[in-house]
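Visitor: I would like to learn how to read a protein model. Please take me through one, feature by feature.

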Amino acid sequence: MEQRSFDRLGRTASVVGLGTWQLGADWGDVSEDDALAILDAAVASGVTFIDTADVYGDGRSEKLIGAYTAGRPGGQLFVATKLGRRGPQDPSAFTLDNFRAWTDRSRANLGVETLDLVQLHCPPTAVFHKGEVYDALDTLVEEKRVAGYGVSVETCDEALAAIARPGVASVQIILNPFRRKPLERVLPAAREKGVAIIARVPLASGLLSGRYRHDSVFAADDHRTYNRNGESFDVGETFSGVDFHTGVEAAEAFAALAPEGATPAQTALRWIVQQPGVTTVIPGARTVDQARANSAAADLPELDAGTLTALAELYDARIRPQVHHRW
């Protein structure tokens with residue numbers, strides 16, 4: 001699979017990675033055996049970049065990844081985790097002492113001395129403007145607790161604030177054919193500064209798979225049930241902030257534009273990876289077949305100009321009026 005550069009870390013990552021929120025069982029139950037099989041299928045398909053967080057299943061996702069990578073020494077896999085949501089969402093909680101404690105827990109969960117990449121996990125906006133936060137992250141690098149650091153953001157303005165900081169190696173942001181605003185300023189700024197872009201929620205929580213209908217039901221412990229209107233965290237994390245019923249209708253039109261030989265999900269992933277400035281995209285997978293299909297998107301031909309135009313027109317007609325002013 002194509003590898004792209006994290007310039008500020010001197011490392012590369014597969015253009016299609018694996019997001020592992022679901023391995024924490026936060027999207028419904030995923031057994032340990034299934035989780036390890038998903039990891040194995042992704043890696044066998046060429047994935048080298050795995051994204052997790054300390055709060056996914058309260059550490060379960062990190063521990064499963066640690067168990068998987070323990071049998072694969074040599075640093076072939078690039079594992080990124082996140083910190084900052086274990087404590088109160090108050091800017092005053094983002095201190096060096098807390099960062100040390102949180103990263104020590106992640107190091108233990110993942111079974112490593114040095115974390116490949118740690119990311120601020122969508123903290124309060126004020127955190128992105130606090131110089132002492134970046135100083136603390138620099139200290140983690142000096143202490144070899146982490147090899148580098150980045151941020152995961154909710155808004156384009158947060159991304160731009162982080163990109164301006166010289167130590168930030170990566171920005172993780174929601175980007176997909178139904179969430180295009182980062183194309184305007186964030187991706188060009190990141191390219192100019194050598195900051196990697198990690199595209200998350202690439203399928204709009206599954207909407208872009210084309211599998212959902214207006215009467216689709218999700219498990220009670222699935223965020224697509226309990227956070228549909230932003231009840232538990234930012235609404236943008238669920239269906240990319242698109243109203244579910246609007247999204248279903250738009251997704252049906254999106255599916256009709258998928259090129260021959262590509263599924264709607266693969267079309268969405270292919271669209272993301274051909275956006276200038278994207279380093280890697282991190283779809284989740286709940287089955288081995290999904291992991292393999294996601295990885296195969298990297299080998300698809302680039303979407304042609306006609307398809308790109310049709311996708312842009314679909315966004316402008318169905319999605320932009322609802323969400324473009326946000327984030």
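Predicted model: local features only at pLDDT ≥ 70, side-chain atom pairs only at ≥ 80, totals over all residues.

Visitor: What does the radius of gyration say about the chain?

Guide: The radius is taken over C-alpha atoms, and the globule rule is 2.2 Å times the number of residues to the power 0.38. For 327 residues, a compact globule would come near 20 Å; the chain has 18 Å, which agrees. Along the principal axes, the C-alpha atoms fill a box of roughly 50 × 40 × 40 Å.

Visitor: What share of the residues is buried?

Guide: Buried means under 20% relative accessible area, exposed over 50%, and partly exposed in between (1.4 Å probe, protein chains only). Here 55% of the 327 residues are buried.

Visitor: What share of the contacts joins residues 24 or more positions apart?

Guide: A contact means heavy atoms within 4.5 Å. Take the contacts with a separation of 6 or more: residues 24 or more positions apart account for 77% of them.

Visitor: Now the sheet. How do strands hold together in general?

Guide: Strands of a sheet pair through backbone hydrogen bonds, either parallel or antiparallel. Two strands count as paired if DSSP finds at least two bridges between them. In this chain, eight strands form an open sheet in the order 3-4-5-6-7-8-9-10, with parallel pairing. Its edge strands are strand 3 (18–19) and strand 10 (280–281), and each pairs on one side only.

Visitor: How many bridges join strand 5 and strand 6?

Guide: Four bridges join strand 5 (residues 78–83) to strand 6 (residues 117–121), in the parallel sense. Strand 6 is also mostly covered, with five of its five residues buried.

Visitor: Which way do the residues of strand 9 point?

Guide: A196, I198 and R200 point one way, while I197 and A199 point the other way. All are buried. Strand 9 pairs with strand 8 (residues 168–174) in the parallel sense, over five bridges. In that pairing, R200 of strand 9 stands opposite I174.

Visitor: What is the phi of V201?

Guide: V201 has a positive phi of about 50°, and V201 is not a glycine. This residue is in the loop between strand 9 and helix 7. V201 is buried, with a relative accessible area of 14%.

Visitor: Is helix 9 enclosed or open?

Guide: Helix 9 (residues 264–273) has 10 of its 10 residues buried, so it is largely enclosed by the rest of the structure. Among the buried residues are W271 and R270. The cover includes strand 1 (3–6), strand 9 (196–200), helix 8 (244–256), strand 10, helix 10 (288–296) and helix 11 (305–323).

Visitor: Which residues does N294 contact?

Guide: N294 is found in helix 10. Leaving aside neighbours within four places in sequence, N294 is in contact with V16, L269, P283, G284 and A285. N294 is buried, at a relative accessible area of 7%.

Visitor: One more residue, please. Where is F239?

Guide: Look in the loop between helix 7 (223–226) and helix 8. At 0% relative accessibility, F239 counts as buried. Residues up to four places away in sequence are not counted, and F239 then touches A204, S205, L207, Y212, F218, R224, R228 and F244.

Methods
Residues numbered from 1 in each chain as written. Heavy atoms only, no water. Helix = DSSP H or I, 4+ residues; strand = E, 2+ residues; numbered from the N terminus.
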